[in-house]
Amino acid sequence: MANAKGRWLKVDLDGGVEDATLLILEWLGEQGVGAFIRVDAERLRDGQPAWTFAASGGPLAGGMRADGASVAECMGRALIQLREAGLAVPY
């Protein structure tokens, strides 16, 4: 996802977000946000970004989706979007 200046958002791939993913999902549920993360074997086989995070409801005005080649990339992108939507995810 690009920001207003057309640059790609920076994702922290070394921050250990994959270790906190289930805690983040649980926290989102407590905020009234339905969310999931999944891996698509077909996209993985085709060399495409296979991980998808999706969320909707609660304080999110609309649904959101983030994709990545790894759990870390996917969740890093998701956290950026969640924070831009006004959710102060405690990670």
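In which helix does threonine 21 lie? Threonine 21 lies in helix α1, and the views described below are taken from a predicted model.

**View 1. Threonine 21 within helix α1.** In this predicted model, threonine 21 has a relative accessible area of 6% and is therefore buried, since the cut-off for that term is under 20%. Leaving aside residues up to four places away in sequence, threonine 21 touches Ile37, Val71 and Met75.

**View 2. Helix α1 along its length, residues 17-30.** The helix has 14 residues and reaches 19 Å from its first C-alpha to its last, which is close to the 20 Å expected at 1.5 Å a residue. At leucine 23, α1 bends by about 30°. Just after α1, glycine 32 takes a positive phi of about 90°.

**View 3. The buried residues of α1 and what covers them.** Val17, Ala20, Thr21, Ile24, Leu25, Trp27 and Leu28 are buried in α1, and the elements that cover the buried residues of this helix include β1 (34-39), β2 (51-56) and α3. Leucine 28, one of these buried residues, touches Val33, Ala35, Phe53, Leu82 and Leu87, when residues up to four places away in sequence are not counted.

**View 4. The largest nonpolar core, with 21 residues.** Inside this core, the residues with the most contacts are Ile24, Leu28, Phe53, Leu82 and Leu87. At least two residues of the core are supplied by each of α1, β2, β3 (64-68) and α3, and the largest share, seven residues, comes from α3.

**View 5. Cysteine 74 in helix α3, residues 71-84.** With a relative accessibility of 0%, cysteine 74 counts as buried, because the term applies under 20%. Not counting residues up to four places away in sequence, cysteine 74 touches Ile37, Trp51, Thr52, Phe53, Ala66, Asp67 and Gly68.

Terms used:
Residues are numbered from 1 along each chain as its sequence is written. This is a predicted model: local features need pLDDT of at least 70, side-chain atom pairs count only at pLDDT 80 or more; totals for chains, interfaces and linings use all residues. Side-chain values use heavy atoms; hydrogens and water are left out. Helices (H or I, at least four residues) and strands (E, at least two) are DSSP runs, numbered from the N terminus. Buried means under 20% relative accessible area, exposed over 50%, partly exposed in between (1.4 Å probe, protein chains only). Contact means heavy atoms within 4.5 Å. The expected span of a helix is 1.5 Å times one less than its number of residues. The bend at a residue is the angle between axes fitted to the seven residues ending there and the seven starting there. A nonpolar core is a set of buried Ala, Val, Leu, Ile, Met, Phe, Trp, Tyr and Cys residues joined through side-chain atoms within 4.5 Å.
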